[in-house]
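Student: I have a model open and want to go through its fold. Can you take my questions one at a time?

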Amino acid sequence: MSSGPPSAETLTDRVRAAILGGDFVPNQRLVEADVCEQFGAPRAAVRETFKELAGEGLVEILRNKGARVRAISKAEAVEITEVRMVLEGLSAAKAAERVTPEQAERLREIVAGMRAAVERNDLDRYSELNAALHAEVRRIAGHRTSAAIIERLGAQVVRHKFRLARQPGRAAVSLPQHELIVAAIVARDPEAAQTAMQQHLRSVAKALESTPD
């Protein structure tokens, strides 16, 4: 028995993943008919998906021109990172207040994996664990409002983060910053955790500013 066409929510997830994965590139037009065919979805669901992704800052809807993937400038990526610095600092402080021994061990395991990835020069694995560490901090913090905003902002700058992660020596700079974040959370020191997270993201913002457009 057919389950019917995908819901608008499911379609939104799939199109979002296609944008973040690079299947759709910045400034690329999103033609309704093509998206309908690619994802096997009705036009109404595709239109609703475009509206939702426009609300997330991933798509632009242009009058009389349809939709396209929104291009995020370097300057905007820096601003987004500065906002994340404040919110993720809050998240790290909350995590330090709430962390359990089991969660602390999980953080130690992730950062140990990051260290091993740097030693092997495995940048893909390092980036994967980097994202996992930040997600784990948000999960431990249990602060849903900041987590939702952080995830939305992070999605908008995913391409900039990907480019930055491949800068020679960037992982070696970033690793000790993450080690400080984890050490402060595990020590249940909210102020130190907040400071370490903010210093890390300040470093990211400065590194983004120095990348070519």
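Student: Which residue of β3 stands opposite R29?
Tutor: This is a predicted model, where local features need pLDDT of at least 70, side-chain atom pairs count only at pLDDT 80 or more, and totals for chains, interfaces and linings use all residues. Residues are numbered from 1 along each chain as its sequence is written, and side-chain values use heavy atoms, leaving out hydrogens and water. Two bridges join β1 to β3, residues 66-69, and the two run antiparallel. Pairing needs at least two bridges found by DSSP; strands are DSSP runs of E with at least two residues, helices are runs of H or I with at least four, and both are numbered from the N terminus. Opposite R29 stands R68.

Student: What is the bridge partner of I61 in β3?
Tutor: β2 and β3 run antiparallel, joined by four bridges. In β3, the partner of I61 is A67.

Student: Which residue in the hairpin turn has a positive phi?
Tutor: β2 and β3 form the hairpin, with three residues between them. A phi of about 65° belongs to N64.

Student: In what order do the three strands lie in the open sheet?
Tutor: The pairing is antiparallel, and the order is β1-β3-β2. β1 (29-30) and β2 (59-62) each have a single partner strand, so one side of each is left without a neighbour in the sheet. The strands at the edges are therefore β1 and β2.

Student: What angle does the direction of helix α3 make with that of β2?
Tutor: Helix α3 covers residues 43-55 and packs on the sheet. The helix touches β1, β2 and β3, with contact meaning heavy atoms within 4.5 Å. Axes are lines fitted to C-alpha atoms, for helices over the stretch in contact, and angles run from 0 to 180 degrees between N-to-C directions. The angle is about 115°.

Student: What percentage of the residues of the protein chain count as buried?
Tutor: Buried means under 20% relative accessible area, with a 1.4 Å probe and protein chains only. The protein chain has 213 residues. Of these, the buried share is 42%.

Methods:
Buried < 20%, exposed > 50% of the residue type's maximum accessible area, 1.4 Å probe, protein only.
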